[in-house]
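Q: Could we go through this structure together, one part at a time?

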Amino acid sequence: MTRVVSLTTFPVTYREPNANMQQRYLLFVRARTDDGLSGWGEAVTQFGPATRATATLVADLADLVVGRSALDNLEIWQKLRQTTWWYGYRGGIVSFAIAAIDMALWDLKGKLLGQSLSTLLGGARQPRLPAIAATITSDRSLEEEAELHANYVRDGGLMGIKVGLGGAEGNKFGSDAKLDAQLIGLIRESIGADALLAVDRLQRHQWDLQSAIWRAAAFSDQDVKWLEEPFEPTDVNGFRHLRSRSDLMLAGGEREWDEAGYTELIEREVVDVVGCDPGRANGVTGLVRVIEMIERGSLWFNSHSWSSAVNTAASIALSASTTRCLCQEIKPVPSPMQEELIAEPFIITDGWIEVPTAPGLGVEPDEAVLRKYDAATVR
């Protein structure tokens with residue numbers, strides 16, 4: 001039987017064109033078998049310290065994986081969770097490590113069986129997904145900002161856009177409710193009535209209840225599909241008050257770690273769209289469980305994938321596994337960890353993104369690119 005003989009970590013750092021060239025970090029994990037087959041996983045660690053800590057945890061957990069068959073991935077996932085109970089309860093850095101290992105084993109499993117991840121998950125319920133741009137504002141003028149974001153839909157051929165407000169230092173968007181409403185109004189006017197439009201507060205600016213209610217009313221007039229994290233996740237009362245005063249769908253969940261966190265989120269009945277990331281929340285196996293909860297609650301799943309092509313591939317397969325997915329977020333500006341990392345980057349055709357059908361994740365990172373962006377010595 002083919003067995004895993006090694007887990008190797010590849011920490012990378014790069015400037016992200018879709019985030020105003022901010023420094024970003026990721027951790028890739030390669031699981032290699034005794035016959036030379038490789039499976040790839042990713043942890044969306046985003047920051048240097050988290051990346052280094054996750055790499056250390058992966059190395060420490062390798063003994064639970066090496067010597068096992070990738071076909072035992074579900075059992076290995078359970079063992080990883082059980083072993084890390086003391087420092088992994090309710091999530092944290094350990095969830096990054098488990099996510100990357102789990103994703104790599106699913107990739108290996110698909111390659112061993114000659115099946116795509118989508119097939120392993122029961123088959124695609126949707127053979128392709130509407131693709132929308134996930135963007136972040138900068139310090140441009142109102143008119144320039146509106147034109148830039150609208151262009152991804154109008155001329156870029158995407159089905160819609162999720163605008164993140166206030167993503168850069170000194171960014172005025174997200175801090176001025178009237179300006180935010182003007183921006184969203186101009187974007188809607190430019191992209192037309194049929195395009196999906198969503199708004200994400202991001203975390204740079206904090207909104208009080210009254211300004212959130214005012215924004216929600218203005219956004220509703222522009223047929224915004226959902227408003228993401230108008231408050232911090234712990235502000236449950238804020239979500240409840242806003243939900244009672246607005247007909248907008250509310251989104252949240254991107255900072256949850258495991259099924260316990262998502263169970264609490266769903267049981268609070270304060271969100272309609274649940275954002276999840278396989279490179280954060282315990283991998284593919286973890287999100288399969290979350291999707292089951294979302295389906296039972298008749299909510300909407302959003303993979304919230306905004307990192308590399310590896311995580312995107314896993315996210316697309318998970319999104320396609322359920323009918324409770326509205327769209328697939330993508331980075332609209334070419335990024336090193338998307339277009340440079342793999343030989344055949346994802347292509348958007350008439351606003352749609354196809355579900356990968358090659359064995360495993362369907363993408364293979366170029367190790368030369370990983371070495372080019374090596375973050376092992378970065379502090």
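**A buried alanine and its surroundings**

A: Ala100 has a relative accessible area of 0% and is therefore buried (buried means under 20% relative accessible area, exposed over 50%, partly exposed in between, with a 1.4 Å probe and protein chains only). This is a predicted model, in which local features need pLDDT of at least 70 and side-chain atom pairs count only at pLDDT 80 or more, while totals for chains, interfaces and linings use all residues. Residues are numbered from 1 along each chain as its sequence is written, and side-chain values use heavy atoms, with hydrogens and water left out.

Q: Where is Ala100 found?

A: Ala100 belongs to helix H4 (helices are DSSP runs of H or I with at least four residues, strands are runs of E with at least two, and both are numbered from the N terminus).

Q: And what does Ala100 touch?

A: Not counting residues up to four places away in sequence, Ala100 touches Val29, Gly41, Glu42 and Ala43 (contact means heavy atoms within 4.5 Å).

Q: Is Ser95 buried or exposed?

A: Ser95 counts as buried because its relative accessibility is 2%. Ser95 also lies in helix H4, which covers residues 93-113. Leaving aside neighbours within four places in sequence, Ser95 is in contact with Trp257, Arg280 and Asn282.

Q: Changing topic, in what order do the three strands of the open sheet come?

A: The order is S1-S2-S3, and the pairing is antiparallel (two strands pair if DSSP finds at least two bridges between them). The edge strands are S1 (4-16) and S3 (38-46), each of which pairs on one side only. From one strand to the next, the twist averages 20° (axes are lines fitted to C-alpha atoms, for helices over the stretch in contact, and angles run from 0 to 180 degrees between N-to-C directions).

Q: Over how many bridges do S1 and S2 pair?

A: S1 and S2 (residues 22-33) pair over 12 bridges, in the antiparallel sense. Thr9 stands opposite Val29 in S2.

Q: Which strands does helix H1 touch?

A: Helix H1 (residues 48-61) packs on the sheet and touches S1, S2 and S3, with its direction at about 10° to that of S2. Helix H4 packs on the sheet too, touching S1, S2 and S3, and the direction of H4 makes about 155° with that of S3.

Q: Now the helix pairs. At what angle do H6 and H7 pack?

A: H6 (residues 142-154) and H7 (residues 177-191) pack at about 40°, with their axes 9 Å apart. Their contact has nine nonpolar, three polar and two charged residues (Ala, Val, Leu, Ile, Met, Phe, Trp, Tyr, Cys and Pro count as nonpolar, Asp, Glu, Lys and Arg as charged, and the others, Gly among them, as polar).

Q: What about H8 and H9?

A: H8 (residues 209-221) and H9 (residues 236-245) pack at an angle of about 35°, and their axes are 10 Å apart. Leu209, Ala212, Ile213 and Ala216 in H8 meet Gly238, His241, Leu242 and Arg245 in H9.

Q: Last topic: how many residues has the largest nonpolar core?

A: The largest nonpolar core has 80 residues, and those with the most contacts inside it are Phe28, Ile161, Leu227 and Val274 (such a core is a set of buried Ala, Val, Leu, Ile, Met, Phe, Trp, Tyr and Cys residues joined through side-chain atoms within 4.5 Å). Helix H12 (residues 309-320) gives the most to this core, with eight residues. Apart from this core lies another, of 27 residues, including Leu27, Ala31, Ala50 and Ile98.
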